[in-house]
Every structure is written in structure tokens, then in C-alpha cells.
Amino acid sequence: MMNPNESNKKNLDFELNLLPVFDVLSACICFLLMTAVWVQVSSMDVQQALGGQSIAETKNPPSIWAYMNKNGQLTLTLKDAKGVTGMPKELAIGGRDGSIAWNKLSNYVKHLQAKAPQVQTALIMPNESSQYDDIIRLMDQFRSGGVKNIGISPL
């Protein structure tokens with residue numbers, strides 16, 4: 001016969017299943033590695049275009065300022081570009097359906113580099129409704145046109 005006290009005892013031996021822990025840990029490690037690689041692959045090396053020094057020691061280089069409007073219109077303004085002939089100081093490129101006319105912008109940037117190769121600085125002035133894709137594409141247009149220093153003004 002069994003002792004009545006023995007039937008109430010619970011078995012304390014059990015195995016801990018560690019496979020789900022290893023699955024979660026390996027997924028976290030893969031995510032970390034992929035994120036680190038993606039940040040390096042998708043980065044664009046840019047430098048601060050204007051500012052960073054005191055006003056007394058700063059000489060503003062010839063630059064082009066790009067104002068992005070809500071309706072897709074882009075206003076380009078040449079600043080501190082003395083001796084540039086054949087280029088308008090201000091040009092408005094009209095947009096269509098809220099999108100920038102990229103062909104006109106590309107032609108303008110090529111014409112700018114032909115007429116004024118000393119313009120190596122661009123400052124982009126987005127507004128609160130500017131699309132991230134448009135800002136990056138605008139930076140790419142300036143970079144492919146030979147502008148080396150690109151900056152983005154905070155809102």
C-alpha cells in the first residue's frame with residue numbers, strides 16, 4: 001500500500017526548453033547585423049554647408065538656395081555669386097500636381113555648373129509639407145550636377 005503522504009508530493013524535476021530563447025536571441029542578432037550594414041550602405045556623406053564658425057570669420061561662399069514650396073514649386077536663388085553672368089539670380093521652377101519638375105531642375109543645375117563652376121554650395125529650405133523623397137532627390141540632383149557642399153535648413 002502507498003503511503004498517503006507520498007501521493008501529495010509533486011515531482012520537482014523538469015526540463016527547461018531553451019530553443020525559443022535561442023530563436024529570439026538569433027533573430028535579435030540578425031536584426032542588429034542587418035541594421036548596422038544597412039545604415040552604412042544607405043548613407044550619404046555630406047558636410048555642413050554654411051555656418052559653424054563665428055560671423056566675423058565666416059566668408060559666405062557662392063551658393064544656391066533651394067526653397068521648396070507646398071505646391072511642388074522650387075525657387076532657386078543664387079547668393080554671394082559675384083561675377084556670374086548669363087544666370088538669373090532667382091528662378092522659380094513650377095511643379096505639377098505637387099511634384100517638382102525634375103527635368104527642368106536637372107537642366108538648370110547643369111547650366112549653373114557650366115556658367116558658374118565656383119558655386120559649390122547648396123542649401124535646401126524645405127517646408128513642413130516637403131516629402132522626404134523629394135529632399136533626398138533634390139540633394140542627389142545637386143550632387144550629380146557637381147555641387148559638393150549640401151546643407152538642409154531645419155524647419
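Modeller: Start with leucine 123, which sits in strand 4. This is a predicted model, so every value here is computed. Is leucine 123 buried or exposed? Leucine 123 counts as buried, because its relative accessibility is 11% and the cut-off for buried is under 20%. Its C-alpha lies 8.4 Å from the C-alpha of asparagine 149. In sequence, leucine 123 and asparagine 149 are 26 residues apart.

Strand 4 covers 121-125, and a loop links it to helix 3, at 132-144. Serine 130 is in this loop. Its side chain makes a polar contact of 2.9 Å with the side chain of asparagine 127. Which residues does serine 130 touch once neighbours within four places in sequence are set aside? They are Met68 and Ile135.

Glutamate 128 forms a salt bridge with lysine 70. The closest N and O atoms of that pair are 3.5 Å apart. Glutamate 128 and lysine 70 are both exposed. Side chains of opposite charge can pair when their charged atoms come close. How many salt bridges are there by the rule used here? The count is one.

Step back to the whole chain. It holds three helices and five strands. Along the sequence they run α-β-β-β-α-β-α-β. The chain has 155 residues, and 30% of them count as buried. Take the contacts between residues at least 6 apart in sequence: 60% of these join residues at least 24 apart. The chain exposes about 11,300 Å², with 57% supplied by carbon and sulfur atoms.

One surface feature lies elsewhere in the sequence. Phe14, Leu16, Leu18, Leu19, Val21, Phe22, Leu25, Ile29 and Leu33 form a nonpolar patch on the surface. Together they have about 980 Å² of accessible area. Leucine 25, one of this group, lies in helix 1, residues 19-41. Why does leucine 25 count as partly exposed? Its relative accessible area is 46%, and partly exposed covers values between the buried limit of 20% and the exposed limit of 50%.

Technical notes:
Residues numbered from 1 in each chain as written. Predicted model: local features only at pLDDT ≥ 70, side-chain atom pairs only at ≥ 80, totals over all residues. Heavy atoms only, no water. Patch = residues over 30% accessible without salt bridge, like charges linked within 9 Å, V, L, I, M, F, W, Y side chains within 5 Å. Areas by Shrake-Rupley, 256 points an atom, 1.4 Å probe, with all protein chains shown as cover. Salt bridge = Lys/Arg side-chain N within 4 Å of Asp/Glu carboxyl O. Helix = DSSP H or I, 4+ residues; strand = E, 2+ residues; numbered from the N terminus. Buried < 20%, exposed > 50% of the residue type's maximum accessible area, 1.4 Å probe, protein only. Polar contact = N/O pair within 3.5 Å; in protein donor to acceptor, adjacent residues only side chain to side chain. Contact = heavy atoms within 4.5 Å.
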